[in-house]
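Let's walk through this model together, starting with its overall fold and then moving to individual residues. Keep the 3D view open as you read.

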Amino acid sequence: MGEKRDPGVWAGFKAFLMRGNVIDLAVAVVIGAAFTNIVNSVVRGVINPLVGAIGTKNLDSYRSCLKGPCEVAADGTVTSGVTILWGSVLGATLSFVITAAVVYFLMVLPMAKYLARVEAQRKAKEGAHEVIEVTELEVLKEIRDALVAQRGSGQSER
């Protein structure tokens with residue numbers, strides 16, 4: 001019974017791997033990993049200096065002490081007290097927002113506009129095709145009506 005199940009499992013696994021979604025997901029992960037370097041460079045090269053103009057370039061240094069005395073080692077780890085490291089949360093949030101904005105404005109929005117334009121062109125072609133079909137249908141109906149009328153008038157003469 002176990003042997004009958006194994007080919008089905010392997011066939012299902014093979015079908016899963018051969019679907020396009022798996023390949024698309026793998027490509028997205030690789031591109032996302034490469035894109036992370038760009039975002040990190042933007043954060044280090046643009047955002048941190050802008051924040052540094054107001055405060056410090058390193059957002060990780062922003063923290064609040066809840067229960068003192070708070071002591072932080074040179075490497076940034078908390079040695080005593082209860083400290084909230086809200087600067088690192090802010091830095092991660094900024095990184096996420098920047099990533100989302102770049103992805104949206106450079107990838108999603110242009111692709112959506114392109115797809116909308118392609119869809120509009122397709123609908124325009126489809127609409128023109130329907131007009132032609134309707135016109136042909138109307139002509140055929142007129143021919144049918146004329147034949148029926150002709151047949152009707154021919155029968156009444158006999």
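Helices (H or I, at least four residues) and strands (E, at least two) are DSSP runs, numbered from the N terminus. What you are looking at is a predicted model, in which local features need pLDDT of at least 70 and side-chain atom pairs count only at pLDDT 80 or more, while totals for chains, interfaces and linings use all residues. Residues are numbered from 1 along each chain as its sequence is written, and side-chain values use heavy atoms, with hydrogens and water left out.

Let's begin with the whole chain. The protein chain has 3 helices and 2 strands, and along the sequence they follow the pattern α-α-β-β-α. Confidence is given as pLDDT, the predictor's confidence in each residue, from 0 to 100. The mean pLDDT of the protein chain is 78, and 85% of its residues reach 70 or more. Confidence is lowest in helix H1 (residues 2-18), at a mean of 73, and highest in H3, at 81. Where pLDDT is low, the predicted coordinates should not be read in detail.

How much of the chain is buried? Of the 158 residues in the protein chain, 8% are buried, where buried means under 20% relative accessible area, exposed means over 50%, and partly exposed lies in between (1.4 Å probe, protein chains only). The chain exposes about 12800 Å², and carbon and sulfur atoms supply 66% of that area. Accessible areas come from the Shrake-Rupley method with a 1.4 Å probe; for residues, only the protein chains shown count as cover. As for contacts (heavy atoms within 4.5 Å), residues 24 or more positions apart account for 34% of those with a separation of 6 or more.

Now zoom in on strand S2, where Thr 83 is found. Thr 83 has a relative accessible area of 17%, so this residue counts as buried. Leaving out residues up to four places away in sequence, Thr 83 touches Arg 63, Ser 64, Cys 65, Cys 70 and Val 78. Gly 81 also lies in strand S2, but at 39% relative accessibility Gly 81 is partly exposed.

Move on to helix H3 and look for Gly 87. Its relative accessibility is 0%, so Gly 87 counts as buried. Beyond its neighbours within four places in sequence, Gly 87 is in contact with Leu 59, Asp 60 and Tyr 62. Gly 87 and Asp 60 are 27 residues apart along the chain, yet 4.7 Å separates their C-alpha atoms.

Trp 86 is partly exposed, at 39% relative accessibility. Together with Leu 66, Val 82, Ile 84 and Leu 90, Trp 86 forms a nonpolar patch on the surface with about 450 Å² of accessible area. Patches are made of residues with over 30% relative accessible area and no salt bridge; like charges are joined within 9 Å, and nonpolar side chains (Val, Leu, Ile, Met, Phe, Trp, Tyr) within 5 Å. Strand S2 (78-84) and helix H3 (86-157) each supply at least two residues of the nonpolar patch.

Which charged side chains pair up? Side chains of opposite charge can pair when their charged atoms come close. The whole structure has 2 salt bridges, a salt bridge being a side-chain nitrogen of Lys or Arg within 4 Å of a carboxyl oxygen of Asp or Glu. Arg 122 and Glu 119 form one of them, at 2.3 Å from N to O. These two residues are 3 residues apart in helix H3, so about one helical turn separates them. Arg 122 is partly exposed at 39%, and Glu 119 is partly exposed at 31%. Asp 145 and Arg 144 also meet in a salt bridge, at 3.1 Å from N to O. Asp 145 is partly exposed, with a relative accessible area of 43%, and Arg 144 is partly exposed at 48%.

Finally, turn to the rings. The structure holds 3 aromatic pairs, among them Tyr 104 and Phe 105, which are edge-to-face with 5.1 Å centre to centre and 80° between the planes. Rings of Phe, Tyr and Trp (its six-membered ring) pair if their centres lie within 6.5 Å; planes under 30 degrees apart count as stacked, over 60 as edge-to-face and the rest as tilted. Tyr 104 is partly exposed at 40% relative accessibility, whereas Phe 105 is exposed, at 53%.
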